[in-house]
Amino acid sequence: MSPWYVKLFLPLLKNETPPEELKTADIQCIFAASYAAKDCHSLVEATKQVLSRAIRIKSELFPKAHLIFASCSHAFPGSGEAELRLKSELCRSASVDYLEAGSIINSVTELEACRDLLKQRSVLPERILVVTCELHSRREYLLAQKIFPDSKVFVTCVSHTFELEPWHPMPSMRTWPRLLLSQVCGYAAFQAMSWGIYFLGQTS
């Protein structure tokens, strides 16, 4: 459960495609956002929930879509490799193919890495789906529009309650006030970026 004041921020920070619209969207690429790994043996719950939803959507709705993700390299030494290993295990257990875009340090480099890998494979998706958590979703939408200007962007979310973990490797994800502050600032930065002030979007 989250405190009452967190829900006051959801209308500002959440952006999600209606399920009825998503079902008929003919998605060509599914991007699963990274929330890091806890350690070398487990994923942050948000990472697990996001990837699990992406796998389910690919399996049930868009089996021909490319599932793509990257891994957070700055959570702790070796975190990128640990996250990739654990996410790969999830995909293999579900018998789902995936594309891995390497290690990243923030939301900007994450989507840029995915875009570059798709270009290398001559994949130019007209419709992409971003799978993320509620408090990140509006800024992820703005960022995806910027980095994939020729694609229509759809978004689906898992609950914001998965985003907070007291033992999260990144301090901004350990308490609700810190998490909300980081997301409001991130949204403002990415909104500015969508207006062309790109350097403001360089923080995760």
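What share of the contacts in the protein with a separation of 6 or more comes from residues 24 or more positions apart? The share is 76%, where contact means heavy atoms within 4.5 Å. The model is a predicted one, in which local features need pLDDT of at least 70 and side-chain atom pairs count only at pLDDT 80 or more, while totals for chains, interfaces and linings use all residues. Residues are numbered from 1 along each chain as its sequence is written, and side-chain values use heavy atoms, with hydrogens and water left out.

Starting with the whole chain, the protein has seven helices and five strands. Helices (H or I, at least four residues) and strands (E, at least two) are DSSP runs, numbered from the N terminus. Read from that end, the order of elements is α-α-β-α-β-α-β-α-β-α-β-α. The C-alpha trace spans about 40 × 40 × 35 Å along its principal axes. For 204 residues, a compact globule would have a radius of gyration near 17 Å, and the 16 Å of the protein agrees with that; the radius is taken over C-alpha atoms, and the globule rule is 2.2 Å times the number of residues to the power 0.38. Of the 204 residues, 52% count as buried. Here buried means under 20% relative accessible area, exposed means over 50%, and partly exposed is in between (1.4 Å probe, protein chains only).

Next come the aromatic rings. A pair of aromatic rings is described by the distance of the centres and the angle of the planes. Rings of Phe, Tyr and Trp (its six-membered ring) pair if their centres lie within 6.5 Å; planes under 30 degrees apart count as stacked, over 60 as edge-to-face and the rest as tilted. The structure holds two such pairs. In one, the rings of Trp 4 and Tyr 5 have centres 5.9 Å apart and planes at 85°, so this pair is edge-to-face. Trp 4 is exposed, at 64% relative accessibility, whereas Tyr 5 is partly exposed at 26%. The other pair is stacked, because the ring centres of Phe 69 and Tyr 98 are 5.3 Å apart and the planes sit at 20°. This pair links distant parts of the chain: Phe 69 belongs to strand β2 (residues 66-72), and Tyr 98, 29 residues apart from it, to the loop between α4 (79-93) and β3 (99-104). Phe 69 is buried at 0% relative accessibility, and Tyr 98 is partly exposed at 29%. Another ring, that of Trp 167, has Lys 38 over its face, at 4.4 Å from the ring centre. A charge sits over a ring if NZ of Lys or CZ of Arg is within 6 Å of the ring centre and within 35 degrees of the ring normal.

Helix α5 (residues 107-120) has 14 residues and should span 20 Å at 1.5 Å a residue; its end C-alpha atoms are 20 Å apart, which agrees. The expected span is 1.5 Å times one less than the number of residues. Buried residues of α5 include Val 108, Leu 111, Cys 114 and Leu 118. Asn 106 caps the N-terminal end of α5, with a side-chain oxygen 3.1 Å from the backbone nitrogen of Val 108. After the helix comes Ser 122, whose phi is positive, near 60°.

His 160 lies in the loop between β5 (152-158) and α7 (176-194), and is buried at 5% relative accessible area. Its side chain makes polar contacts with the side chains of Ser 2, at 2.8 Å, and Glu 134, at 2.7 Å. A polar contact is a pair of N or O atoms within 3.5 Å; within protein, one must be able to donate a hydrogen and the other to accept it, and residues adjacent in sequence count only if both atoms are side-chain atoms. Not counting residues up to four places away in sequence, His 160 also touches Val 6, Leu 10, Leu 135 and Trp 176, among others.

Leu 22, in helix α2 (residues 19-23), has a relative accessible area of 7%. Its C-alpha atom is separated by 7.3 Å from that of Phe 154, 132 residues apart along the chain. Leaving aside neighbours within four places in sequence, Leu 22 is in contact with Phe 154 and with residues including Ile 27, Phe 62 and Leu 129. Ser 88, in helix α4, is buried at 5% relative accessibility, and its side chain reaches the backbone oxygen of Leu 84 at 2.7 Å.
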